[in-house]
Amino acid sequence: MDKTGRWADRNSDKDALRADIWQVLDTGGVAMGPTWSHIPNFIGADKAAWHLAQTPEWQAAKTLKCNPDPPQIPLRLRALYEGKMLFAPVPYLTYDFPYLRIDPARIAAKGISFELAATSEGYMMHGERIRFEDVDPLDFCVVGSVAVSRLGGRTGKGAGFADLETGIFRELGKIGPKTVMATTVHSCQLVPEARVVMMPHDSPLDYVATEAELIVTGNTDPRPVGVDWDQVREDQYETIPFLRDLRARIEAR
């Protein structure tokens, strides 16, 4: 097993933090499925989803963006049962289309169960393929996390997908000043603020929900306004087939 992570060697402090958390999840008996190089699933993910769903912003949200990873299946399932328009990315952004619209009314009309549509495999089969520009303005955004702080700092699995997506949505006006940023994690993934390295392109969290509690971060740090294209790595252009064309379309606006 690779104990460094698939996307290691980009930031040594982040690499060390991820390794510590993945090790704790592996040895602590709370992980469900693979941990290393993943947004790890955990026992109690459904309880964390319940905590987040009690927030007034979740309950008022009509449009929701959620990452594709297993620990957020309970959130995607809740969103569909509650009639929210759900948007989710292609895992690893490796197709020539980046996003899918999962409309609960359309899914139900096709006779597809919400339980299937809430999985990445299910929504890839039954969701509507769309571009970033086709995503509705978002009320609520859920991102996957490996480590988080109570003050809203976040570290993902290291690929930079969430930061890139969020930056694109900010640049397109899909994420605005009132759009909530949130995550669900196991309580063992909470770390001191000093351990979380936040870069200018990172978006701090408003809510962190664990199996045990809901954390209101109160974070008022400035949010990025778009994509810092100078920070997009060459390997991202190579592995994300639509990225160069999307950049050209955005810069031509």
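Two strands pair if DSSP finds at least two bridges between them, where strands are DSSP runs of E of at least two residues and helices are runs of H or I of at least four, numbered from the N terminus. With that in hand, let's start at strand β8: β8 and strand β9 (residues 207-209) pair in the parallel sense over 3 bridges, with Ala182 standing opposite Tyr207 in β9. Strand β5 (residues 140-142) also runs parallel to β8, joined by 3 bridges, and Phe140 has Val180 as its bridge partner in β8.

A word on the model: it is predicted, so to speak of local features takes pLDDT of at least 70 and side-chain atom pairs count only at pLDDT 80 or more, while totals for chains, interfaces and linings use all residues. Residues are numbered from 1 along each chain as its sequence is written, and side-chain values use heavy atoms, leaving out hydrogens and water.

Why is β8 largely enclosed by the rest of the structure? Because 5 of the 5 residues of β8 (residues 180-184) are buried, meaning under 20% relative accessible area with a 1.4 Å probe, protein chains only. Val180, Ala182 and Thr184 point one way, Met181 and Thr183 the other.

Now look at helix α2 (residues 45-53), whose buried residues are Ala45, Ala48, Ala49, His51, Leu52 and Ala53. Their cover includes α3 (56-60), α4 (73-81), β5, β8, β9 and β10 (214-216), judged by contact, that is, heavy atoms within 4.5 Å.

Notes
Buried < 20%, exposed > 50% of the residue type's maximum accessible area, 1.4 Å probe, protein only.
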